[in-house]
Amino acid sequence: MTDAPGKVTGIARYADDLAVPGMLYGLILHSPHAHAVIRSIDSSPAEALPGVKAIATGKDAPNPYGILPIGHDERVFALDKARYIGDNVAAVAATSPEIAEQALDLIRVEYELLPAFFDPLEAMKAESNWIHSERAHNIEKEYHHSFGDPDAAFAGCAFVREQRYYAAGVNHAATEPHSTLAIWEPDGRLTVHSSTQVPYYLHRTLSEVLEMPMSQIRVIKAMVGGGFGGKSEVIPLEVAASVLAKKAKRPVKITYTREEVFLAHRGRPITIADLKIGTSREGKIQAVAARVIQDGGAYCGYGPVTVLYSGALLGAIYDIPAVRYDGYRVLTNKPACGAMRGHGTVNVRFAFEALLDELAHDARIDPAEMRRRNLLKAPCITVNGLRVTSYGLPECIEKVVERSGWNQKKGKLPPGRGVGIACSHYVSGAANPIIRSNMPHTTINLKIDRDAAVTVFSGASEIGQGSDTIQIQIVAEVLGVRPERIKLVAADTDLTPIDLGSYSSRVTFMAGNACIAAARKMRDQIFAAVAKRLGCGAEDLDARDDEIFSTRDPKLRMRFDDAVVAAIDFHGALVAQGSYAPPEEARGGKHKGAGVGPSPSYSYSAQVVELSVDRETGRVTVHKITAAHDCGRALNPVNVDGQIIGSVYMGLGQALQEEMVWQDGRQMNASLLEYRIPSTLETPEIESIIVESNDPEGPFGAKEAGEGSLAATIPAVANAIYDAVGVRINSLPITPEKVLEALREKEKRERLGGDGAGKGGSR
Amino acid sequence: MGKELIHLKINGESYEVAVPPSKLLLDVLREDLGLTGSKRGCDDSSCGCCAVLLDGVPVLSCVAIASCVQDAEITTVEGIAPPGTFDPVQEGWMVAGGAQCGFCTPGFLISAKALLDRNPNPSLEEIRIALSSNFCRCTGYMQIYESVKYAIERARAARPSKPAAVGS
């Protein structure tokens with residue numbers, strides 16, 4: 001990675017590493033109540049404390065905001081009532097963290113408690129005290145989709161299974177807690193350095209909340225210590241620091257504690273999925289129906305997008321003629337959920353692939369073969385209108401079957417040991433922007449001056465996924481220069497053109513295509529000058545390793561440095577611009593909610609998990625995960641491997657150990673000690689296999705690599721547990737307690753003479 | 001709270017700094033000395049992002065009181081190699097994908113360096129155990145192991161070969 005030297009020497013600057021003269025330390029006062037009217041706030045004792053330079057409450061920034069235009073229901077500080085334990089009530093900026101802390105203690109808030117809702121099913125039944133008065137029965141959004149004729153299709157099925165699945169809430173747990181440094185400039189402008197995946201949306205939101213023109217605000221993304229979606233919408237501290245800076249006319253830095261990271265949350269919601277799948281006798285899926293309830297927490301956030309992704313991607317990985325989907329995003333008095341790696345697809349993919357495994361056993365078909373029988377034939381359009389341009393899933397399945405030894409192991413390992421297979425997919429960027437507009441999703445500007453350095457101005461946000469490196473590689477490839485010649489100026493709204501952000505796995509695909517477009521225009525300018533100088537046709541020229549040469553006459557060549565001077569000749573620096581917007585035909589159907597799910601291309605993954613289950617303790621030990629991922633084309637194989645393995649790792653954490661534990665709206669494990677992400681000791685060998693389907697529209701054939709593998713890991717674990725000990729655990733995380741309980745129930749059933757594990761699966 | 005003058009030896013340099021007696025080493029490094037390579041990733045000494053070497057032993061600087069470590073030679077990520085050079089562990093992380101977002105990297109480098117300094121040829125299991133106090137949320141650890149293996153090879157290549165015969 002091009003930024004690796006800074007990272008390994010400690011020189012790389014993350015937002016909390018930044019400090020400027022006169023900087024104040026900001027702290028946020030959080031609500032101790034889950035649902036309470038704010039009667040009054042008295043901050044005068046705090047204001048009197050020496051060293052306190054500003055205190056802000058809801059009245060200082062009353063304008064609502066939210067990542068979706070349909071969900072502007074947040075204020076940086078609660079104006080009327082607090083809606084979850086941790087909701088933001090006020091903030092203070094002081095000359096030291098100690099003084100800021102003392103000041104927080106002196107702010108008096110009078111609350112009037114309201115009945116609170118913690119369970120989404122209960123929240124939906126509520127007749128009064130709704131969390132947002134305009135959201136009846138605490139339902140943020142509901143969507144009802146039907147494609148094909150599901151009822152007729154189910155009626156004709158040989159096998160039908162229905163099952164409820166539950167997934168606990170999980171958090172991104174990026175190692176870097178969020179941090180923002182907001183600097184009030186002497187000329188009345190605002191500069192904000194932040195740990196964000198979405199500088200553009202932050203820029204817009206700050207303008208709306210602070211009532212300042214965007215032209216007076218500059219957002220600079222610092223180095224970001226992991227995002228995974230947790231920094232992909234505007235986070236309260238970003239606005240709070242800016243409001244305080246504007247009020248104090250000083251720089252203000254706020255950095256979250258780890259507990260505050262959990263309070264800000266925006267992770268994957270608690271999900272209850274009632275899923276039904278029907279197949280023919282040969283195992284061909286005929287129909288799918290799902291009713292999905294997501295516990296979205298107290299604010300909208302990305303909620304409608306999450307619940308739409310759950311439906312749109314549910315029936316689009318395989319060839320399925322009929323799909324019915326009912327999705328509900330429900331409000332509860334807990335921190336707001338949002339986008340997390342594999343946004344919307346992960347929990348329903350767990351349900352789907354686990355139920356498909358049951359159906360494979362019903363039909364006495366090998367689970368890998370079951371998936372082969374349901375493949376799409378690309379290029380095609382799925383039943384819900386998603387355009388599939390390349391489809392490496394068949395090869396993914398073959399590769400993992402072969403490398404894992406599936407055929408030698410499935411159903412043949414000793415008792416207590418098993419293998420499971422599952423598949424998943426994901427978008428290479430959303431084809432439709434969050435805020436409807438006709439502007440490009442990414443624009444890249446290039447500049448070359450007489451120093452022959454190539455400067456790339458890109459709004460894309462490097463968050464550790466390697467996007468800076470990829471953009472440099474792409475420009476270098478097109479221009480035929482060495483990457484060392486290229487400088488990247490990134491994610492600074494004063495300098496770089498708009499990019500929508502690092503979410504939905506869009507950067508390589510979209511910024512990559514824009515880089516190609518810009519670099520080609522630049523190359524054309526240089527080639528035209530070189531052709532004139534060498535007396536040959538520009539169409540005969542090619543470039544490689546800092547040299548431009550004729551493909552017809554090898555004697556005709558020119559060093560890149562000289563070519564640049566020739567091209568610039570009597571005028572100034574060369575500039576070129578390229579942009580990317582997904583093609584019209586990739587943007588999906590016309591039904592309500594059709595905007596979410598369409599992508600210019602989709603990645604695919606297949607995985608095999610091998611594990612053991614200890615029957616005495618219920619403990620699951622994963623031995624190996626073999627993961628094949630179709631990333632179109634691997635522009636940087638080390639990066640792609642890292643993304644596949646990292647996704648699998650995060651899926652494994654959700655499968656077996658990660659869970660936000662709640663009691664009356666309070667998270668009981670809001671720390672990394674107790675919210676247990678896997679360490680080296682809990683992480684097995686993960687083998688990644690790159691499959692290249694060469695997408696026709698991807699940059700050099702590339703598509704998504706950073707998210708699509710996560711979802712398959714969870715059901716592959718669940719299916720392997722069934723292969724090992726014959727029990728189905730339909731609730732995440734799959735803890736030893738749940739496994740033990742299922743084993744005991746199975747023993748009881750077997751003692752009573754029943755078939756303990758369903759058809760074909762008992763061992 | 002009153003301040004006291006303390007003396008710290010960090011990365012071969014001597015520092016004098018006036019801090020409250022209970023100030024944590026991590027905060028002194030980051031706030032008073034501008035050594036922001038060591039990171040704070042948690043509230044409860046569980047993430048390992050703040051690890052430094054105290055006399056060669058990896059220690060969490062978020063639970064070390066600065067005034068209590070005045071006798072130790074402290075090494076932070078900024079000091080594990082002379083300026084302009086890279087330690088083999090840094091080379092490994094740069095080449096083999098050990099750093100994605102890079103936030104955990106300083107802590108991992110400290111743990112890996114401590115391991116290789118006392119055991120130049122660890123097994124995979126020994127590497128896993130030595131790095132088990134550091135969380136990485138990006139890599140799934142596989143490329144971190146590759147980075148350590150690369151560092152082992154680099155260190156081996158850099159070591160002067162032993163004399164052919166040890167006479168006495």
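Let me begin with the largest nonpolar core, which has 312 residues, and in which Val92(A), Ala240(A), Leu244(A), Val475(A), Val717(A) and Ile721(A) touch the most other members. By a nonpolar core I mean a set of buried Ala, Val, Leu, Ile, Met, Phe, Trp, Tyr and Cys residues joined through C-beta atoms within 7 Å; a residue counts as buried if 20 or more other C-beta atoms lie within 10 Å of its own, as exposed if 12 or fewer do, and as partly exposed in between, with C-beta atoms placed from the backbone. Please keep in mind that this is a predicted model, in which local features need pLDDT of at least 70 and side-chain atom pairs count only at pLDDT 80 or more, while totals for chains, interfaces and linings use all residues. Residues are numbered from 1 along each chain as its sequence is written, and chains are lettered from A and ligands numbered from 1 in the order in which they are written.

Staying with the core, helix H15 (residues 507–534) of chain A gives the most to it, with 15 residues; helices (H or I, at least four residues) and strands (E, at least two) are DSSP runs, numbered from the N terminus. Val475(A), leaving aside its neighbours within four places in sequence, is in contact with Leu446(A), Val454(A), Val456(A), Ile486(A), Cys515(A) and Ala519(A), where contact means that the C-beta atoms of two residues, placed from the backbone, lie within 7 Å.

Next, the domains, whose bounds come from an automatic or database domain assignment. Chain A is assigned domain 1 (4–114 + 172–264), domain 2 (270–431 + 588–751) and domain 3 (442–580). The C-alpha centres of domain 1 of chain A and domain 3 of chain A lie 38 Å apart, and their contact takes 15 residues from domain 1 of chain A and 14 residues from domain 3 of chain A. On the side of domain 1 of chain A that touches domain 3 of chain A, helix H6 (199–210) and strand S11 (217–221) of chain A are the elements that give two or more residues. That side has 7 nonpolar, 6 polar and 2 charged residues, with Ala, Val, Leu, Ile, Met, Phe, Trp, Tyr, Cys and Pro counted as nonpolar, Asp, Glu, Lys and Arg as charged, and the others, Gly among them, as polar.

What about the two chains together? Here 36 residues of chain B are in contact with 41 residues of chain A, and helix H2 (88–96), helix H3 (105–118) and helix H5 (142–158) of chain B each supply at least two residues of the side of chain B that touches chain A. By class, that side of chain B divides into 17 nonpolar, 14 polar and 5 charged residues.

Is Gly226(A) buried or exposed? Gly226(A) is buried, because 26 other C-beta atoms lie within 10 Å. Leaving aside neighbours within four places in sequence, the contacts of Gly226(A) include Ala174(A) and Ile463(A) in chain A, and Cys101(B), Phe103(B), Arg137(B) and Cys138(B) in chain B.

Finally, chain B is divided into domain 1 (4–79) and domain 2 (88–158), and the C-alpha centres of domain 1 of chain B and domain 2 of chain B lie 21 Å apart. Their contact takes 15 residues from domain 1 of chain B and 12 residues from domain 2 of chain B.
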